[in-house]
Amino acid sequence: MTGQQISRAAVGKDIAALNLNSLNDLRAFVAVVEHGSFSLAARQLGVSQPAVSQRVRNFEIACGLHLLDRRSGVALADTGREIYHRARLVIARVDELEATALDLLGLKGGKLSAGYATPAFAIPLIARFREKFPAIEVEYQFGNTASLFEGLRQCRLDVAVTSLLSVPQDLVARQVATQKLMLCVPKKHPLAQEKCLSISQIADAQLLIREPGSMTRALVEQAFNKHDQLANRVTTIPTREGVKEAVAAGLGFGFVLSGEFGSDPRLVAVELLDTSEPVGVYVLCHSEAADLPAVQSLLEMVEPDGFLPVAG
């Protein structure tokens, strides 16, 4: 390694060791160069001239270079020109960072990534949030409960809205509402006239269930296991709307959660006897994201049963 390479390596190491306090030194150096005077720089920065001189000296020591030629006024030394241009860039980036942080703190800018498995509960909440904080850009992502958990833990999602049997310990939750498992049948089918049905009554029917990872499927499996029943004819359909369309087409009976059934004149939701207790609908975030201003504000807007969807 040449002497020049050693010098550059040493300078890089010194600069990498700069802490936030050294920003004052860097700002003093730039101010002196821009004003051509230590006294004018001191006036701009609101400090004494000796303080500016000391800060510039500290910056030169940190860089391991003489940056200013003081023999005739104040001028950049040959070694200081590139440092000066890069120092201005650093200050610009720091100022930009500070401005962005203030905007985020005041919810005057930024993004919120929201995932949901229960649009009937999530969309009204997000709409209220956007009305109150129009400067925040909201990104939407639909998925089942398992994919939303993954998104939260990998920081691809800031918040998620879904139904849960229990809340994982690493997530912060605010409960929105409760809902229960229902059987979705065609309106013209004889079973649509029933007020409620047992698991044993439907065990031999053609059943349409959601994909693994969805809360609806977990509740169906739990209900059949609870009654030691086996579903003899099962077809997996990956979305709630897909299940409803398949039921309307006469392909079988499907399962939906009560708050997500919506309104469809072709279908009826029939209560199931002796299934699990109602499950909670939650707004979730990772514990490390709970203090982010946008996330915190959204959580504060959650009111249990405050925006329940209209049942069909």
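Guide: Phenylalanine 255, in this predicted model, touches Leu181, Met182, Leu183, Ile202, Leu207, Leu208, Ile209, Thr216, Val220, Phe224, Val243 and Leu272, leaving aside residues up to four places away in sequence. Within the largest nonpolar core, which holds 33 residues, Phe255 and Leu183 touch the most other members. Helix 9, covering residues 215-226, supplies the largest share of this core, namely five residues. A general remark applies here: in soluble globular proteins, nonpolar side chains tend to be buried together.

The secondary structure around this core can now be described. Helix 9 lies across strand 7 (181-186), strand 9 (206-209), strand 10 and strand 11 (253-257), and its direction makes an angle of about 115 degrees with strand 11. Helix 10, formed by residues 240-248, lies across strand 7, strand 9, strand 11 and strand 12, running at about 145 degrees to strand 11. An open sheet is formed by six strands in the order 8-12-7-11-9-10, with mixed pairing. Its edges are strand 8 (196-197) and strand 10 (233-236); each has a single partner strand, so one side of each is left without a neighbour in the sheet. Strand 8 runs parallel to strand 12 (residues 267-272), and two bridges join them. Cysteine 196 has glutamate 271 in strand 12 as its bridge partner.

From here one may turn to another part of the chain. There is a second, separate core of 26 residues, and among them are Tyr116, Phe133, Val161 and Val283. There is also an open sheet of five strands, ordered 4-3-5-13-6, whose pairing is mixed. Which strands stand at the edges of this sheet? They are strand 4 (137-142) and strand 6 (171-179), each with a single partner strand, so one side of each has no neighbour in the sheet. On average, neighbouring strands of this sheet are turned by 25 degrees against each other, direction ignored.

The pairings may be followed across the sheet. Strand 3, residues 111-116, pairs with strand 4 in the parallel sense over six bridges. Lysine 111 stands opposite glutamate 137 in strand 4. Strand 3 also contains serine 113. Is serine 113 buried or exposed? Its relative accessible area is 11%, and buried means under 20%, so serine 113 counts as buried. Leaving out residues up to four places away in sequence, serine 113 touches Glu139, Arg156, Leu157, Asp158 and Val159.

Strand 13 pairs with strand 5 in the antiparallel sense over five bridges, and with strand 6, again in the antiparallel sense, over eight bridges. In strand 13, leucine 284 stands opposite alanine 173. Eight of the eight residues of strand 13 are buried, so this strand is largely enclosed by the rest of the structure.

A helix also belongs to this picture. Helix 7 (residues 145-153) lies across strand 3, strand 4, strand 5 (159-164), strand 6 and strand 13 (279-286), and runs at about 145 degrees to strand 5. The loop between helix 7 and strand 5 contains cysteine 155. Cysteine 155 has a positive phi of about 65 degrees although it is not a glycine. In general, most residues other than glycine have a negative phi. Cysteine 155 is exposed, with a relative accessible area of 66%.

Finally, the whole chain should be considered. There are 11 helices and 13 strands in the chain, and 42% of its 312 residues are buried. Of the contacts between residues at least 6 apart in sequence, 75% join residues at least 24 apart. The accessible surface comes to about 16900 Å², and 52% of it belongs to carbon and sulfur atoms.

The average pLDDT of the chain is 83, and 88% of the residues score at least 70. Over residues 1-18, however, pLDDT stays under 50, and the model has eight contacts beyond four places in sequence for this stretch. Over residues 306-312 pLDDT likewise stays under 50, and there the model has 16 such contacts. Where pLDDT is low, the predicted coordinates should not be read in detail.

Conventions:
Residues are numbered from 1 along each chain as its sequence is written. This is a predicted model: local features need pLDDT of at least 70, side-chain atom pairs count only at pLDDT 80 or more; totals for chains, interfaces and linings use all residues. Side-chain values use heavy atoms; hydrogens and water are left out. pLDDT is the predictor's confidence in each residue, from 0 to 100. Contact means heavy atoms within 4.5 Å. A nonpolar core is a set of buried Ala, Val, Leu, Ile, Met, Phe, Trp, Tyr and Cys residues joined through side-chain atoms within 4.5 Å. Buried means under 20% relative accessible area, exposed over 50%, partly exposed in between (1.4 Å probe, protein chains only). Helices (H or I, at least four residues) and strands (E, at least two) are DSSP runs, numbered from the N terminus. Two strands pair if DSSP finds at least two bridges between them. Axes are lines fitted to C-alpha atoms, for helices over the stretch in contact, and angles run from 0 to 180 degrees between N-to-C directions. Accessible areas come from the Shrake-Rupley method with a 1.4 Å probe; for residues, only the protein chains shown count as cover.
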